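Please look over the sequence and the model shown here. The paragraphs after them go through the structure part by part.

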Amino acid sequence: MKKFIILFIVFSLSFIFSPQNLSFANQNKTYYAKVEKDNVYFYSNPIDENSSKIFIIPKSYFVYLTNSANDQFFCAQYKDIFGYVKKEDVTVMSGTPQTPYASANFTIYDIDGLALYPTPKFTNNTSLVRIDYLTIVSTFYGEIEGENVPDMSNPWYYCKINENGIDLFGYVYSAFCYKESVIQTNNETFDIVNEPIFNVTNVETENLSEVAMAFIIIGVSLPCILITYLLIKPNLQKSKSQIKKKAKKRHGDYFEFDENDLN
C-alpha cells in the first residue's frame with residue numbers, strides 16, 4: 001500500500017510539472033468584441049472587398065474572436081458561422097457577454113413563397129431552396145444591401161434554412177418578408193483590451209529566461225529524486241540485512257582441522 005501511494009505521488013508530480021503544463025496548456029486565448037457602430041460587416045475572407053461581405057452584424061452585439069488573421073482582420077465566429085471582422089470596426093473586451101448574438105425571426109409573406117439565394121440578387125442566380133408562404137425563419141444573422149425590385153427597398157436577410165436535415169445558408173429578399181421581432185439594444189460592456197494576445201504559450205515561453213527555466217527544471221526534478229530514493233530505500237536496507245545474516249551463518253559453520261584425528 002505504501003509503495004502504491006508513493007508511485008501515485010510520483011506520477012502526479014510528473015503530470016503536474018510536465019512541459020505541457022509548464023507551458024500553460026498551449027492554447028490560444030479568445031475574446032469577445034463588441035460592435036459599437038453602424039455597418040460593421042462579417043466577412044467570408046480576410047479581404048476588404050464587397051464580394052467577401054456576408055452581412056452587417058447587428059449593432060451593440062458581439063463576435064467571438066479566435067485569432068488574428070492579418071494586420072487588418074480578426075478570425076471570428078458569429079453564432080454558428082465562422083469568418084472575419086475588421087479590427088478597426090470592433091472593440092475587443094475582456095468579459096463574456098450573456099447575450100452575445102442578436103435574436104430575431106421573420107415570416108415569408110409572399111403567397112408564392114420566396115427563394116433562398118447564395119447571393120443577394122435575382123439575376124444570374126440559382127435558388128438553393130424555395131421557402132413556403134408563412135414559414136417562420138428563426139435563424140437570422142443580419143442584413144446586407146443587394147439587388148432590389150423597382151420602387152422597393154434593397155435589404156436582404158442572411159439566414160439559415162434546414163431542408164431535409166441539411167442546413168442551407170443564404171439570402172431572402174426582405175421586401176416580401178414580415179419581421180416579427182425587433183432586435184433590442186445590448187447594453188453589456190466590459191473592460192477594453194487594446195492589444196489582444198491570442199497565443200498565450202509563446203508569450204509565456206519567451207518571457208522565461210534560460211536561468212529561470214533551469215530553476216524550474218531543478219525544482220521539478222528534486223522532489224522526484226527524493227521520492228524515488230524513499231521508494232528504493234527499504235529494499236536497500238533489506239539487501240544489507242540479508243548480506244549480514246549470510247556472513248554470520250558461514251562463520252558458525254567454520255571448524256578447525258586437527259591432525260591427531262587422523263591417528
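In which sense do strand β12 and strand β13 pair, and over how many bridges? β12 (residues 139–145) and β13 (residues 155–163) are antiparallel, with six bridges between them. Two strands count as paired if DSSP finds at least two bridges between them. Helices (H or I, at least four residues) and strands (E, at least two) are DSSP runs, numbered from the N terminus. The model is a predicted one, in which local features need pLDDT of at least 70 and side-chain atom pairs count only at pLDDT 80 or more, while totals for chains, interfaces and linings use all residues. Residues are numbered from 1 along each chain as its sequence is written, and side-chain values use heavy atoms, with hydrogens and water left out.

Within this pairing, isoleucine 144 has tryptophan 156 of β13 as its bridge partner. β13 also pairs with strand β14 (residues 166–173), again in the antiparallel sense, over eight bridges. Here lysine 160 stands opposite phenylalanine 169 in β14. β13 and β14 make a hairpin with two residues between them. In its turn, asparagine 164 has a positive phi of about 55 degrees.

Another group of three strands forms an open sheet, in the order β11-β8-β15, with antiparallel pairing. β11 (136–137) and β15 (177–179) each have a single partner strand and stand at the edges, so one side of each has no neighbour in the sheet. Strands of a sheet pair through backbone hydrogen bonds, either parallel or antiparallel. Strand β8 (residues 106–108) and β11 are joined by two bridges, and phenylalanine 106 stands opposite valine 137 in β11.

A search of the whole structure for disulfides (pairs of cysteine sulfur atoms within 2.5 Å) finds zero. For cysteine 177, the nearest cysteine sulfur is that of cysteine 159, 7.9 Å away. Is cysteine 177 buried or exposed? Its relative accessibility is 13%, so cysteine 177 counts as buried. Buried means under 20% relative accessible area, exposed over 50%, and partly exposed in between (1.4 Å probe, protein chains only).

Leucine 134 lies in the loop between β10 (129–131) and β11. With a relative accessible area of 46%, leucine 134 is partly exposed.

Finally, the protein chain as a whole has four helices and 15 strands. Of its 263 residues, 32% are buried. Among contacts (heavy atoms within 4.5 Å) between residues at least 6 apart in sequence, 63% join residues at least 24 apart.
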